[in-house]
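Colleague: Please take me closely through one part of this model, the metal site. Then set that part against the rest of the chain. Give me the cut-offs as you go.

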Amino acid sequence: MAAAESDREVPSALCTEFLNFSVKDTASKWLQVTDLYKEVYHHLARYVPKIYCLGPNLNPQSEDLLAQMLLQSPLEWYLCGEDPSTGLAKLEQNNQPSQLCGHVFKVGEPTYSCRECAADPTCVLCMQCFLGSVHKEHRYRMTTSGGGGFCDCGDTEAWKKGPYCQKHEPNISDSCQEDPLAHLSTDMIARCYNVFSVVLKYAVDMLTWDKEDELPLGLEPPDRSDTYYCMLFNDEVHTYEQVIYTLQKAVNCTQKEAVSFATTVDRDGRKSVRFGDFAFCELAKSVIVRNTSRQSKPLRVQVMHSSVVAHQCFALKALHWLGHVIGYSDALRRILCQVGLERGPEGENSSLVDTLMLCDSKMWKGARNVYHQLFMSSLLMDLKYKKLFAIQFAKNYERLQSDYVKDDHDREFSVTDLSVQMFTVPSLARMLITEENLMTTIIRTFVDHLRHRDLQGRFQFERYTAQQAFKFRRVQSLIGDLKYVLISRPTEWSDQLREKFLEGLDTFLELLKCMQGMDPVVRQVGQHIEMEPEWEAAFTLQMKLTHIISMIQEWCATDERVLIEAYKKCLTALTHCHSGFADGEQPITLSMCGHSVDTIRYCVSQEKVSIHLPVSRLLAGLHVLLSKMEVAYRFPEQLPLSELSPPMLIEHPLRCLVLCAQVHAGMWRRNGFSLVNQIYYYHNVKCRVEMFDKDLIMLQAGASMMDPNHFLMIVLSRFELYHIFSSADCRKRYNRENANKDVVQQNNTLTEEMLHLIMMVVGERFEAGIGQVEGCDEIKREILHQLCIRPMAHSELVKALPENENKETGMERVIDCVASFKKPGVTGRGLYELRPECAKQFNLYFHHYSRADQSKAEEAQRKLKRQNGEDTALPPPVLPPFCPLFASLVNILQCDVLLGMLGAVLQWAVEPSAGHWSESMLQRVLHLIGMALLEEQQQLENSSEDNDVYFNFTLKMSRPGEAPSNTASVLALLENLQNAPHLEVHEGMIRWLLKTVAGIKTMRERSASASTVTASESRGQEETACDKDKAERKRKAEMARLRREKVMAQMSEMQRHFINENKELFQQSLEELDASTSTSLEHSPASSDAALACVGPRRSRPGEKRQVVTCILCQEEQEIRADGKAMVLAAFVQRSTVMSKNRTRPPHDPKHYDPLFMHPDLSFGTHTGSCGHIMHSHCWQRYFEAVQAKEQRRQQRLRVHTSYDVGNGEFLCPLCECLSNTVIPLLPRTMGSSSCEQPGLGQWLKISGQQIKAMHSAHRKLQPVSTVEETVEEECPAPEVFTVDYIPTNPYSSTIKEMLATFGTATYKVGLKVHPNEQDPRIPIMCWSSCAYTIQSIERLLVDEKKPLFGSLPCRQDDCLSSLARFGSACWTAACQPTVQGHFIRLLAALIPDPQVEASPCILDVDMLHLLVSVVLSYGSVHSQDSSGLSVDAVQLHLFHLITVAHMVQILLTSGPEEVTMEQESGEAERGEEEGACRLYNTLRTHVGSSLPEVASGWHLWRCVKTGILPYLRGAALFFHHLHGVPAPPELHALCPGQWEVLCGYLSLPSNLLQLFHGQQELLEPLLHGWCTHPGIQQTLQGGGVLVSFPRESNSLIDLPDDYSALINQASSFTCPKSGGDKSRAPTLCLVCGSMLCSQSYCCQTELEGEDVGACTAHTFACGAGVGIFLRVRESQVLFLAGKTKGCFYAPPYLDDYGETDQGLRRGNPLHLCHERYRKIQKLWRQHNITEEIGHAQEANQTLVGIDWQHL
Ligand SMILES: [Zn+2]
Ligand SMILES: [Zn+2]
Ligand SMILES: [Zn+2]
Ligand SMILES: [Zn+2]
Ligand SMILES: [Zn+2]
Ligand SMILES: [Zn+2]
Ligand SMILES: [Zn+2]
């Protein structure tokens, strides 16, 4: 509050005035006045400027409090006539709420729609309603709302079924039609009416007020001060950066303030950026305008008087208040609607609602949002007034849209966006069409905005300016409105509806006429086109209109009269387009095979041709409907069929198809890519329904009305092939012709395309109305042909199928008939596979195949047939019969011209001359012959009498050619070709054809000759033949299978062999020549009788052996020797928090952090991983230098990043491309010296005490005198055998020394995030720590994966651990010896008190495995100076035992209270342990006191110790195993019982661990006392520190809900933590800790290491030490981040029912958690593989490299 108060100095006089204000008195006064309006305005004029806008901050909370008290309360009191707290409650009680839910969606909130029941896809439910609805069980779609819009629950028109959820189900007793006002007294109604009128009028006055310095009449303030605001308004032209930059300059604010201003402007639409006197504000304004006016129009800025701003603020508040008050009662809502829509003094369209709407584009965003919300909660929620509002909206439609087009705000901020709420209601839409002529209005408004036309009146987008293009984009939203209006088809037609619809259609045809023939192209010859012509605008328009055109046809299909009228209108429009059709085009006569036809001379390759023919195509669609609805047969007299000129109908569609063929033939290469793109879209699934498909239909329609010979001749002529096929000796053409090779090639392609076209005209019968098929046959066939290419995922199929206006493909209804579903595994997706029985319906020349699809499908189908042991010929499928209107099309197959063409091609094939014909030409001819034969066969089979069958292809094909050439018949040619060696590929097909011919002949003969053989008998015979055929096929298939299996077996044998051969190359290395060291079970150790031990003087000593490895770079072998060339492993060191038990611990300060002791919460660790690939150190160095040089060169050339950061030492493993950042040297195993007599614990403690003292004094001597405190301490005589000044010889070669330094420095640099410094004493500590951390992490992984401790790790990890451990034991040689000794002394002091070491940690603050590893590895530096014959092994064992005891104590101290579980009966053996545990625990209690609870159960304590210490023991076993190379006992290679004993044995421990303590009690007791009396113990146990209990559970990623929408819902209520309650745009969930973050947004950027980073990147540094795993909730996408520059997206663990993810949430299928996939992500994380995964993703996809990951 303090800040708010300082903003404004409220004069005390005002305070008294406020205090004396009485709400009740004011209201009573108002109740008595006659002119309430004047009175209230007076009140507002007096108080509003005193409450609002007294300082620079526009909206502090305190103002709202005052406004509530002084302004709203009197209004409420007046309204209720009593204290509003009682009055409003009464209203609420009497209210009978409407059945509409009306929940207004927040941005990002989940919405649900039912694919089965929703009237259209805009009908949605909120989550609550959805969960209580029947649609939960249906096929539903889930999306996230863009904000705005409301829940349609309860709207009976929105749902075909189940309109109510449980909550909104109406009570049957309710009379819902009742007028809500019936319950209100007339007094109340009058008061309510008065107050709403005044308040709404006030709000409208103020929000539409455009004067900056004056106020409306009656609102002038009593006193004016010179206080102004400089108000900055939002526009969509300037970028965030521009605005921020300008503001910093203009109002002299910080970057941060500027960002906040810009954010507010963007959100609310305006923001005051300066407060002060007029001149002061004017100045800022002029700077802003000047700064932003250079490139574009300037930012809008106004200097406004504070009182104006104050009233506007309250006006918004008043609208909120109205929305709030009407929430109490439907009656109040109705009154408000009435007030709003009441006609104003200026006559029509002057109500307050009208005024608001008409000023919409002048208001700022925030104001618009508020009043739109009010409209939604009032007008749109009252069914009666929704209708009246819809009428007003329609009346203003044109004006509103024009305003919107000129405005630059997005549509969601425009009142026009409300159209969806009204137009999608079918009854309203129909009412608006009939009464307000809405359909015509929309189309006309649209056309009016596209004024640019060419001479013929067609749209011309070519010369659009940027501004016109912008306008064109905005005006497209009108098409959306049209779609809403048409989306539900009428079930009943009134005359008026017919009239208005047809009027709309007229306007629509006007629009289509402007498109018919637009963007014409002319073939470019000679020179390449200079500039690519504009084509996208025209296609955008076409695409947007596609659904509209389809919907108009569907409307027509519901009423015969409408259809007939529409057909007539469309034909007229087409005739109009074609007037002048034959102008200037010479008529010519074509003749061929005894037929002739008149046509015009026209060449696609020479004249203008356009791909846009919407009028023709609409007519084609209507023509099919005539057939489908049988109107053509029932009312032929009403149709203008006689007016149709078939050649005119087909002319333009044919030209368009020829254009495509010529483009394929390469004739239009010089016309550039724009034409290629147009052709692509013409066939594309998004457009083809109303483009390519309809052109084909038009050809079918035209051809069905023509003589087939004439049709074909015209086709030949348009393809410019007529001269080839028409000459008398065309069959010999190519022999003589010596044409240009290109031309020959072109003609071949054109011939192929033409043959394909003929196939399509005759064969495409799967649309209802053309062929006799059901509606779903078409879609079935589409799916079938897609699946013939390959099995496909659901989403791929959806993409390949056209969607209707409801975004549905209709696939679900039929998919199961043609396909079976195969579930996905952990990767990949679910796939649909074609049912085998459907393969026979495959048509190689399916009209929607691209050439690529076709060849893929051909290959796949042939392969399938081969696998089944069948003939690989792909004959055409049997087709359904045509509808009567199209029936004559089959005659094309047997007409003379076609037979002539077929004969010609076959003849060419018989006498092939180089390149003058093509195989695919022949293939098509064979296919056509097959189609003809099947047609005849079908007709024969389906007819009862032979004479019915007029179709007789077999007869025609056996006729020889005409004189004079007297050529061979088609049949003869086929027989001739059958054995042609060069046509082997087609042999099967030709055989099939001849067999079919024979079959048909038999059928004809049989039915002609005798009636003795009945049809059924012949069927029977066929069937037996068929059976035989089947049996044969089966036998062949079986043989094929056996053959396949044999081949497969051979293959895998070869593969195995290959792997064995190349093992050294591909598998990992470290192949130890000595067989005994192998970790596998078969070669268990030689000394199997003696128990194996990996530590201590009795440890097993693996025999002497050589270790030889191969360098992956130079392929040379190398023995690992201390004095040899260094060999290194590629390695990746990273910081990790994977095992952290305390994510709240702040990151360490790298400069001063002392890493010697790891806290048991493991909050930050350093992990080292390796891909296991080995190189010579010098080979690696050379490789890395090359990488560096390449990177330098590349950076100079192009400024892009690689997936790895060379500057930071990163590189990719040269063999496997695994991300690496250093190398670990490989070292030989240390040989233990085995001397017999070793000191016991007590003696060792003494020795070590002496050694330490000696070292202390030696180290002191080394230090400069000044820093040493003058301590008078007697020189401690070192034991004679311990020489402190002895400098041991370094056993390592120079290259190994170098690599020791390299890895040490890298670990230090990465682990502490510091610059490399080879002198830093922390280097060895970081190495030991990394070794311990990596061991712990692997131990955890093995537990989590339920794998045995030994034998299950991949070699690379074994190698990595060995080298880490051995490196750790050697790294002291690279450091200064006293430093390492100093570390040892401090480490040991944590266990054995040393007065000279200060601040030793309490044992509860030490992770014991880290301590063990560090102390063992640092001991080397001490031992090197010992010459007493003390064995390292003995010391290691003592250290190990000591730490184990300390760990037991640690566990017991943290074990926590007894659990109430049934105590198990324990065996005799366990007794000892339990008793021991009890004794130790009680000893501890004597030391620690009451902080430790009393525990009586030894069973419980022993169980705590045993489970708590196990991870440590397993870690220790891994450590010593890799350090010494002692093979592990076979029992530890499996998960069998009795592991405990074996593990203890291997570690030289008694299986009763407590013996460690009790056996040496007198020695250990003082140590124990020391540990327990450490002040840290009491503090931690009493809750002062982080208490970690053992065993530490493995960390998991957070639990995710099963249903993805739960997450969306969670995210939608998440608000940005920085910008006060704003919705976050990209809510992102950290999967490690569950925090929700506001990602990818300015508001939540923070500074990290001097750079601005997004919320995610900032979070990773705290939560994941730089590595992060997130779920982007809106996108349904997993995000991996590493550091500031690396990241990638990863498939989310949510799948739909089709086994697919939905990244981007575009499909909207319900998503459910796939546990397997989530576990896979978790495993990646636990294995520290996230960074590597990112590296691989970035290598595979370079665009990922360019993303600014740090801004996410
Ligand atoms: Zn709802
Ligand atoms: Zn509901
Ligand atoms: Zn449903
Ligand atoms: Zn090498
Ligand atoms: Zn590698
Ligand atoms: Zn934010
Ligand atoms: Zn987190």
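Modeller: A donor here is an N, O or S atom within 2.8 Å of the metal (3.2 Å for Na, K and Ca); water is not among the atoms, so sites may look incomplete. This is a predicted model, where local features need pLDDT of at least 70, side-chain atom pairs need 80 or more, and totals for chains, interfaces and linings use all residues. Residues count from 1 along each chain as its sequence is written, chains are lettered from A and ligands numbered from 1 in the order written, and side-chain values use heavy atoms, without hydrogens or water.

Start with the pair of ions. The zinc ion (ligand 1) and the zinc ion (ligand 2) sit 4.2 Å apart. Cys129 coordinates both.

Take the zinc ion (ligand 1). Its protein donors are the SG atoms of Cys101, Cys126, Cys129 and Cys151. They lie 2.2 to 2.3 Å from the ion. The arrangement is tetrahedral because the angles among the 4 donor atoms run from 97 to 125°. (Four donors count as tetrahedral if all angles lie between 85 and 135 degrees; four count as square planar and six as octahedral if opposite donors are over 155 degrees apart and all others between 65 and 115; anything else is irregular.) Along the sequence, the donor residues follow the spacing C-x24-C-x2-C-x21-C. Cys126 and Cys129 are both buried. (Buried means under 20% relative accessible area, exposed over 50%, partly exposed in between, with a 1.4 Å probe and protein chains only.)

Cys165 and His168 are both buried.

Next, the setting. The chain has 1752 residues, and 56% of them count as buried. Its secondary structure comes to 63 helices and 25 strands. (Helices, H or I of at least four residues, and strands, E of at least two, are DSSP runs numbered from the N terminus.) Among contacts with a separation of 6 or more, 77% join residues 24 or more positions apart. (Contact means heavy atoms within 4.5 Å.)

Then the cores. The largest nonpolar core holds 305 residues. (Such a core is a set of buried Ala, Val, Leu, Ile, Met, Phe, Trp, Tyr and Cys residues joined through side-chain atoms within 4.5 Å.) Phe196, Phe389, Phe725 and Ile929 touch the most other members. Helix α12 (residues 306-326) gives the largest share of this core, 13 residues. Apart from this core lies another, of 150 residues, with Ala1389, Cys1544, Cys1572 and Ile1577 among them. Back at Phe196, the residues touched include Leu79, Lys201, Leu322, Val325 and Ile326, not counting those up to four places away in sequence.

Strand β3 (residues 228-233) is joined to β5 by 5 bridges. Within that pair, Tyr229 stands opposite Met304 of β5.

Strand β12 (residues 1127-1136) is another piece to check. Its burial is 10 of 10 residues. Both faces are covered, with Met1127 and Leu1129 among the buried residues on one side and Val1128 and Ala1130 among those on the other. β12 runs antiparallel to strand β13 (residues 1165-1176), over 9 bridges. Met1127 has His1176 as its bridge partner in β13. β12 also pairs antiparallel with strand β16 (residues 1222-1225), over 4 bridges. There, Ala1130 is bridged to Val1223.

Last, one arginine. Arg1514 is in helix α55 (residues 1498-1524). Its relative accessibility is 11%, so Arg1514 counts as buried. Beyond its neighbours within four places in sequence, Arg1514 contacts Glu1339, Leu1342, Val1343, Leu1349 and Leu1543.

Terms used:
Two strands pair if DSSP finds at least two bridges between them.
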